[in-house]
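Subject: Structure handover

Hello,

Here is the structure for you to look over. My notes follow below it.

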Amino acid sequence: MNPRRSISSNPASTVKSRFTNGFLKALLRINRQRITSTTAYTPREIFRGYLRVKIAADVSMASAIGSRRAWSRAMLRKVRSHGRDGAQVRRMSFLAMRKRNLYGKKIKCVEEDVGCYQANVLRKLVPGGAAMDMCCLLGETAHYIKCLNTQVKVMRRIAEVFST
Amino acid sequence: MSSRRSRTRQPGCSRISDDQINDLVSKLQQLLPEIRDRRSDKVSAANVLQETCNYIRSLHKEVDGLSERLSELLASTDTAQAAIIRSLLVHK
């Protein structure tokens, strides 16, 4: 059992609680910005709101992990390099990055007997995966999946609380 | 496991043992709900990777959907949710 997931005597030290705290604070910030904005209900603003929440969730999870994992480091690097302002900049960068990956980056595959094509697909899904060798990629993927599960559980719970 | 072909040794690559890879793949297998429930005897590594990719994509989609729902909820509810958030922060 992953010790990080167990309920320790100090609840603030679990990944789940760190993520929850960070994410809720980010939601508060997002809501304050939305209240001060006068154009809160245009389709563009609605899209920006969704994007802000999504980025807040990803960043909160990566921050809860910190620099312990390659995928969290890669994700934090990516977000920081895109700057703090401008959801539009982020949106365009995400689209541009997706296009670059589609029109290929040919990633050299060394481990032929473990499903080369699938490994490359996996590299695109896991943050920072392009630079990892097979061993590292598999380990990072396992941790990333655990964290994504936690993220989904917490977000679901928050949505439940908000909708009551 | 897929048949073991001799791996082409390219200069500069790290030597990773088959056992290490098998070990990691089986660890991944434990995390995937699809394969865990199926209880089949042997699942090929390529299959595990494929299921992993599908699973990660579905988790991403779920996060997207939840983000959308949360941003809608934030937009629709009033300042009462600030109090809710504060209480959640206290309890967590």
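Predicted model: local features only at pLDDT ≥ 70, side-chain atom pairs only at ≥ 80, totals over all residues.

Helices of chain A

H2(A) covers residues 43–65, which is 23 residues. From first C-alpha to last, H2(A) reaches 34 Å. That is close to the 33 Å expected at 1.5 Å a residue.

H3(A) runs over residues 70–81 and has twelve residues. Its first and last C-alpha atoms lie 16 Å apart, close to the expected 16 Å. Buried residues in H3(A) are Ala70(A), Trp71(A), Ser72(A), Ala74(A), Met75(A) and Leu76(A). What covers them includes H2 of chain A and helix H6 (134–163) of chain A.

Between the chains

Helix H1 (residues 15–36) of chain A packs against helix H3 (residues 45–76) of chain B. Their axes come within 10 Å and cross at roughly 50 degrees. H1(A) is therefore oblique to H3(B). The crossing is right-handed.

From H1(A), the contact uses Phe23(A), Leu27(A), Ile30(A), Asn31(A) and Arg34(A). From H3(B), Leu70(B), Leu74(B) and Ala75(B) take part. By class, the H1(A) contact with H3(B) has six nonpolar residues, one polar and one charged.

Best wishes

Definitions and conventions
Residues numbered from 1 in each chain as written. Chains lettered and ligands numbered in written order. Heavy atoms only, no water. Helix = DSSP H or I, 4+ residues; strand = E, 2+ residues; numbered from the N terminus. Expected span 1.5 Å × (residues − 1). Axes fitted to C-alpha atoms, helices over the stretch in contact; angles between N-to-C directions. Parallel < 35°, antiparallel > 145°, perpendicular 65-115°, else oblique. Left-handed = near helix turned anticlockwise from the far one by under 90°. Contact = heavy atoms within 4.5 Å. Nonpolar A, V, L, I, M, F, W, Y, C, P; charged D, E, K, R; others polar. Buried < 20%, exposed > 50% of the residue type's maximum accessible area, 1.4 Å probe, protein only.
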